[in-house]
Amino acid sequence: MNVGVCRIELRLPENQSLKGKRQVIKSIIARLHNKYNVSVAEVDNQDLWQLATLGVTCVSNHRRHADEILASVVRFVAENYPDVELLGSEVEVFPAF
């Protein structure tokens with residue numbers, strides 16, 4: 001069993017409030033969960049209205065599969081949210097046992 005972990009850093013340049021940020025982030029989280037069956041949470045920069053950091057995790061039998069899922073997640077965010085700037089992402093896959 002392998003656990004994949006991804007950190008995605010985003011900038012919301014046109015956002016004007018925490019309420020607006022919350023709407024965008026909730027949309028991203030719901031779509032990622034529904035499309036890829038991954039766990040997603042905002043893990044940093046909660047008080048900043050133009051920055052967001054998402055943590056994404058998945059569990060898989062194969063290391064390559066976990067890596068592919070998380071790469072697809074990053075690509076999905078970059079391609080489907082043109083108003084959100086992808087500042088960076090990191091992916092790591094760990095053996096669970």
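## Exercises on a predicted model

K21 lies in helix 1, which spans residues 18-36. The model is predicted.

**Exercise 1.** Decide whether K21 is buried or exposed, and find what its side chain reaches.

*Solution.* 
- Step 1: take the relative accessibility of K21, which is 2%.
- Step 2: apply the cut-off. Buried means under 20%, so K21 is buried.
- Step 3: follow the side chain of K21. It reaches the backbone oxygen of L51 at 2.7 Å.
- Step 4: list the contacts of K21, leaving aside neighbours within four places in sequence. They are L12, N15, E42, N45, Q46, L48, W49, L51 and A52.

**Exercise 2.** Classify V59 as buried or exposed, and name the surface patch that holds V59.

*Solution.* 
- Step 1: locate V59. It sits in strand 3, residues 51-60.
- Step 2: compare with the cut-off. Exposed means over 50%; V59 has a relative accessible area of 55%, so V59 is exposed.
- Step 3: V59 forms a nonpolar surface patch with M1 and F97. Together the three have about 410 Å² of accessible area.

**Exercise 3.** Describe the largest nonpolar core, then examine L54.

*Solution.* 
- Step 1: count. The largest nonpolar core has 23 residues.
- Step 2: pick those with the most contacts inside this core: I8, L10, I28, L32, V38, L54 and V56.
- Step 3: assign elements. Strand 1 (2-11), helix 1, strand 3 and helix 2 (63-80) each give two or more residues. Helix 2 gives the largest share, seven residues.
- Step 4: examine L54. Beyond neighbours within four places in sequence, its contacts include I8, L10, I25, I28, I29 and V40. Also among them are R7 and E42.

Technical notes. Residues are numbered from 1 along each chain as its sequence is written. This is a predicted model: local features need pLDDT of at least 70, side-chain atom pairs count only at pLDDT 80 or more; totals for chains, interfaces and linings use all residues. Side-chain values use heavy atoms; hydrogens and water are left out. Helices (H or I, at least four residues) and strands (E, at least two) are DSSP runs, numbered from the N terminus. Buried means under 20% relative accessible area, exposed over 50%, partly exposed in between (1.4 Å probe, protein chains only). A polar contact is a pair of N or O atoms within 3.5 Å; within protein, one must be able to donate a hydrogen and the other to accept it, and residues adjacent in sequence count only if both atoms are side-chain atoms. Contact means heavy atoms within 4.5 Å. Patches are made of residues with over 30% relative accessible area and no salt bridge: like charges are joined within 9 Å, nonpolar side chains (Val, Leu, Ile, Met, Phe, Trp, Tyr) within 5 Å. Accessible areas come from the Shrake-Rupley method with a 1.4 Å probe; for residues, only the protein chains shown count as cover. A salt bridge is a side-chain nitrogen of Lys or Arg within 4 Å of a carboxyl oxygen of Asp or Glu. A nonpolar core is a set of buried Ala, Val, Leu, Ile, Met, Phe, Trp, Tyr and Cys residues joined through side-chain atoms within 4.5 Å.
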